[in-house]
Amino acid sequence: MAVGAGRSSRPLRVAGLVLGVLIAMLLAAALWIGGQLRDAQAAADDREAALRAAGTHAMNLLSVGYRTVDADVARILDTSTGPARAEYTRTAEALRKTTTEEKVVQTGALRAVGLVSLSGDTARVMVVGDAVIEWDGSKNAPQERFYRWTMEVTRAGGKWLVSKAELVP
């Protein structure tokens, strides 16, 4: 009897071992898929953040008024870094002076943003926006202007900021 009892328990041990290996394989596959999904979500989040940063920066450039020029310039600087920020810092006083003296009210509208490329912490984004420019107290008709930019957006300190903005003819 002892011989027969040993034979019937061996298939159960083999089945238990096979089941354990299958569970380990399923767990490894689930972890791998979870990692892939996390990476895909992180890439999607980066794309969205880069597009949002470029769009916000464009709206800051398009919407400037003589009553709010200091806050407008601060927003432009807050959404830029590197060479773009250096350029805006250099020209900020002239913008303030012209906007205030001429009582400019420029109202922008963002029309489109599109991702050209994303590599690591840098993205290239195409941006399209329009602005209506009015001069408070002037009899001149408002002017409509159309802008197209290629913007380089860089992740700096965990935040996406525009590091370069070039007008496209």
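Predicted model: local features only at pLDDT ≥ 70, side-chain atom pairs only at ≥ 80, totals over all residues.
Strand 2 (residues 104-119) and strand 3 run antiparallel, joined by 14 bridges. Here Leu115 stands opposite Val125 of strand 3. Strand 3 (residues 122-135) is in turn joined to strand 4 (residues 143-156) by 12 bridges, also antiparallel. Asp130 faces Phe146 of strand 4 across this pairing.

## Hairpin of strands 4 and 5

Eight bridges pair strand 4 with strand 5 (residues 159-167) in the antiparallel sense. Ala156 has Lys159 of strand 5 as its bridge partner. The two strands form a hairpin with two residues between them. In the turn, Gly157 has a positive phi of about 65°.

## Nonpolar core

The largest nonpolar core holds 29 residues. Val125, Val127, Trp149, Met151, Val153 and Trp160 touch the most other members. Helix 1 (2-62), helix 2 (69-78), helix 3 (82-101), strand 3, strand 4 and strand 5 each give two or more residues to this core. Helix 1 gives the most, with eight.

Trp149 has contacts beyond four places away in sequence. Its partners are Ala58, Leu61, Leu62, Val125, Met126, Val127, Ala165, Glu166, Leu167 and Val168. Val125, one of these partners, is also the residue that Leu115 stands opposite.

How values were computed. Residues numbered from 1 in each chain as written. Heavy atoms only, no water. Pairing = 2+ DSSP bridges. Helix = DSSP H or I, 4+ residues; strand = E, 2+ residues; numbered from the N terminus. Core = buried A, V, L, I, M, F, W, Y, C linked by side-chain atoms within 4.5 Å. Buried < 20%, exposed > 50% of the residue type's maximum accessible area, 1.4 Å probe, protein only. Contact = heavy atoms within 4.5 Å.
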